Amino acid sequence: MKVYHCDFEVTMEVIGGKWKGLILYNLINGPKRTSELKRVVHGITQKMLIQTLRELEDDGLVNRKMFNQVPPKVEYSTTELGQSLESILIALCQWGDRYADKHSLKVMYKL
């Protein structure tokens, strides 16, 4: 069993990293297929997207729903626990917006 030294460390273990927050933010507004996520999470490889989705699923933040059809269809959505991160993710976006403005950073798109 891993020992954490503070609650923030637990949070960052679950939602930290380069891609998890972006994926969760894009799923907050509703289910998405893998191809839709790949399109909106710029720069992520297919392999990393699938790996990150599996980690989020293992942590109970994302649901994976398979449809029995040809071609196969898989859809991802947030769980109730994942949805509970909405206000945190929005606050992080707002902070990033203010920081970018203050430091004259160019943001290609707003989430």
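How many of the nine residues of H2 are buried? I started my notes with that one, keeping in mind that this is a predicted model.

**Helix H2**

I count H2 as mostly covered, with seven of its nine residues buried. My list of the buried ones reads Lys 20, Ile 23, Leu 24, Tyr 25, Asn 26, Leu 27 and Ile 28. After the helix I stopped at Gly 30, where phi is positive, near 140°.

**H2 against H4**

Next I looked at how H2 (residues 20-28) sits against H4 (residues 46-58). The two axes come within 10 Å and cross at roughly 75°. That angle makes H2 roughly perpendicular to H4. On the H2 side I find Lys 20, Ile 23, Leu 24 and Leu 27 making the contact, and on the H4 side Leu 49, Thr 52, Leu 53, Glu 55 and Leu 56.

**H2 against H1**

Then I turned to H1. Its axis and that of H2 come within 8 Å, crossing at roughly 75°. H1 and H2 are therefore roughly perpendicular to each other as well. Here Glu 13, Val 14 and Ile 15 of H1 meet Lys 20, Gly 21 and Leu 24 of H2. I note that Lys 20 and Leu 24 turn up in the contact with H1 and also in the one with H4.

**Salt bridges**

How many salt bridges are there? I get two.

One joins Glu 55 and Lys 20 through their side chains, at 3.3 Å from N to O. The pair links distant parts of the chain, since Glu 55 is in H4 and Lys 20 in H2, 35 residues apart.

Which peptide bond is cis? I found the one from Val 70 to Pro 71, with omega near -5°. Pro 71 has its place in the loop between strand S2 (62-67) and strand S3 (73-78).

I also flagged Ser 104, which has a positive phi of about 55° although it is not a glycine. Ser 104 lies in the segment after H6. Is it buried or exposed? At 66% relative accessibility, Ser 104 counts as exposed.

**A nonpolar patch**

Last, I looked at the surface. Trp 95, Tyr 99 and Leu 105 make a nonpolar patch of about 340 Å². I placed Trp 95 in helix H6 (residues 86-102). With a relative accessible area of 51%, Trp 95 is exposed, because the cut-off is over 50%.

Note on methods: Residues are numbered from 1 along each chain as its sequence is written. This is a predicted model: local features need pLDDT of at least 70, side-chain atom pairs count only at pLDDT 80 or more; totals for chains, interfaces and linings use all residues. Side-chain values use heavy atoms; hydrogens and water are left out. Patches are made of residues with over 30% relative accessible area and no salt bridge: like charges are joined within 9 Å, nonpolar side chains (Val, Leu, Ile, Met, Phe, Trp, Tyr) within 5 Å. Accessible areas come from the Shrake-Rupley method with a 1.4 Å probe; for residues, only the protein chains shown count as cover. A salt bridge is a side-chain nitrogen of Lys or Arg within 4 Å of a carboxyl oxygen of Asp or Glu. Helices (H or I, at least four residues) and strands (E, at least two) are DSSP runs, numbered from the N terminus. Buried means under 20% relative accessible area, exposed over 50%, partly exposed in between (1.4 Å probe, protein chains only). Axes are lines fitted to C-alpha atoms, for helices over the stretch in contact, and angles run from 0 to 180 degrees between N-to-C directions. Angles under 35 degrees count as roughly parallel, over 145 as roughly antiparallel, 65 to 115 as roughly perpendicular and the rest as oblique. Contact means heavy atoms within 4.5 Å.
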